[in-house]
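Hi everyone, thanks for making the time.

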Amino acid sequence: MVSNPLDYVEPLGKAGASGFTFHIEASKDNWKELVQLIKSKGMTPGVSLKPGTPIEDLYPLVSFSLFLVGFFSFERTYSISSDFEVCVVLIALIYVHNPFYLTSQNGISKILFCKASHMICFFCALQLEDENPVELVLVMTVEPGFGGQKFMPEMMDKVRTLRKNYPSLDIEVDGGLGPSTIDMAASAGANCIVAGSSVFGASDPAQVISLLRKSVEDSQKNN
Ligand SMILES: O=C(CO)[C@@H](O)[C@H](O)COP(=O)(O)O
């Protein structure tokens with residue numbers, strides 16, 4: 001974790017990095033600028049959160065797919081059709097998904113423009129989807145700092161919630177991952193695994209990596 005991620009985007013981009021993950025705790029005030037810069041340097045942005053940080057803090061940064069799924073299933077189930085009904089449902093779903101949009105100038109203008117034929121709603125949703133800033137969330141399963149710490153199983157609630165709400169999001173876990181903990185992370189929905197000690201301290205690192213990979217693949221098949 002670094003406290004000034006903005007300073008590292010340019011050098012890492014120049015060095016050839018394909019992705020750049022920053023901590024939300026260090027970027028609360030400038031994450032939009034950071035994401036734009038990361039993208040402009042050809043890297044994929046990701047956001048990380050420490051064990052004590054609630055996942056609600058990163059909702060403004062993740063995909064709008066929950067909103068899309070929610071809106072269209074509600075629309076089908078309750079046969080909503082009038083402009084007014086569509087607007088109410090749209091605003092409610094946006095509020096549930098991400099209250100940030102209702103308080104930001106940007107969000108309000110989008111909702112006002114969403115004057116409610118289904119086509120326009122769909123267009124707005126696509127616009128919002130366009131703003132989808134990050135495609136990867138890193139859930140820290142230890143306090144950032146050093147390798148060899150104990151995996152925190154209680155972080156799996158965050159992984160489960162994210163996976164339920166964002167089926168196609170890359171969810172990474174980092175800290176204390178190895179043969180004895182991988183099944184917890186994989187079954188909760190993590191699909192990117194960072195492992196230090198368990199791999200580098202093993203007599204056969206390749207075997208450990210295969211085992212970690214297999215656990216993730218098996219969980220994906222079962223879900
Ligand atoms: O950087 C960090 C923690 O700050 C992690 O990436 C750990 O280094 C992972 O190591 P293990 O927990 O797998 O040993």
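I'll go from confidence to the sheet, then a few single residues, and finish with the ligand.

So, ground rules. This is a predicted model, and local features need pLDDT of at least 70, side-chain atom pairs count only at pLDDT 80 or more, while totals for chains, interfaces and linings use all residues. Numbering starts from 1 along each chain as its sequence is written.

How confident is the predictor? pLDDT, its confidence in each residue, runs from 0 to 100. The protein averages 83, and 70% of the residues score at least 70. The model comes with ipTM 0.96 and pTM 0.76. One stretch to treat with care is residues 113-117, where pLDDT stays under 50. The model has 13 contacts for that stretch beyond four places in sequence. By contact I mean two residues whose C-beta atoms, placed from the backbone, lie within 7 Å.

Now the overall picture. We have eleven helices and five strands in the protein. Those are DSSP runs numbered from the N terminus: H or I over at least four residues for helices, E over at least two for strands. Of the 223 residues, 30% are buried. Buried here is 20 or more other C-beta atoms within 10 Å of the residue's own, exposed is 12 or fewer, and partly exposed is in between, again with C-beta atoms placed from the backbone. And if you take contacts between residues at least 6 apart in sequence, 64% of them join residues at least 24 apart.

Let's get to the sheet. In what order do the five strands come? The order is S1-S2-S3-S4-S5, in an open sheet with parallel pairing. We say two strands pair if DSSP finds at least two bridges between them. Strands S1 (19-23) and S5 (192-194) sit at the edges with a single partner strand each, so one side of each has no neighbour in the sheet. From one strand to the next, the twist averages 25°. For angles like that, axes are lines fitted to C-alpha atoms, for helices over the stretch in contact, and the angle runs from 0 to 180 degrees between N-to-C directions.

Follow the pairing with me from S2 onward. Strand S2, residues 44-49, is joined to S3 by four bridges, with Ser 48 opposite Leu 138 in S3. S3 then pairs with S4 over five bridges, also parallel, and Leu 138 has Glu 172 as its bridge partner there. Glu 172 in turn stands opposite Cys 192 in S5, where S4 (residues 170-174) and S5 pair over three bridges. As for S3 itself, residues 136-140, four of its five residues are buried, so the rest of the structure largely encloses the strand.

Compare that with helix H1, residues 6-15, which is hardly covered: one of its ten residues is buried.

Next, helix H8. Val 159 is found in H8. Is Val 159 buried or exposed? Val 159 is buried, because 24 other C-beta atoms lie within 10 Å. Leaving out neighbours within four places in sequence, its contacts include Val 139, Ile 171 and Val 173. Arg 163 is in H8 too, which spans residues 156-165. With 18 C-beta neighbours inside 10 Å, Arg 163 counts as partly exposed. Beyond four places in sequence, Arg 163 is in contact with Ile 171, Ala 188 and Gly 189.

Last stop, the ligand. Which of the 16 residues around the ligand come nearest? Those are Pro 144, Gly 147, Gly 175, Gly 196 and Ser 197. Near means that the C-beta atom, placed from the backbone, lies within 6 Å. The shell splits into six nonpolar, nine polar and one charged. For the classes, Ala, Val, Leu, Ile, Met, Phe, Trp, Tyr, Cys and Pro are nonpolar, Asp, Glu, Lys and Arg are charged, and the others, Gly among them, are polar.

Pro 144 sits in the loop between S3 and H8. It has 15 C-beta neighbours inside 10 Å, so Pro 144 counts as partly exposed. Not counting residues up to four places away in sequence, Pro 144 touches Met 1 and Lys 50. Its C-alpha is 9.5 Å from that of Leu 49, 95 residues apart along the chain.

How values were computed
pLDDT is the predictor's confidence in each residue, from 0 to 100.
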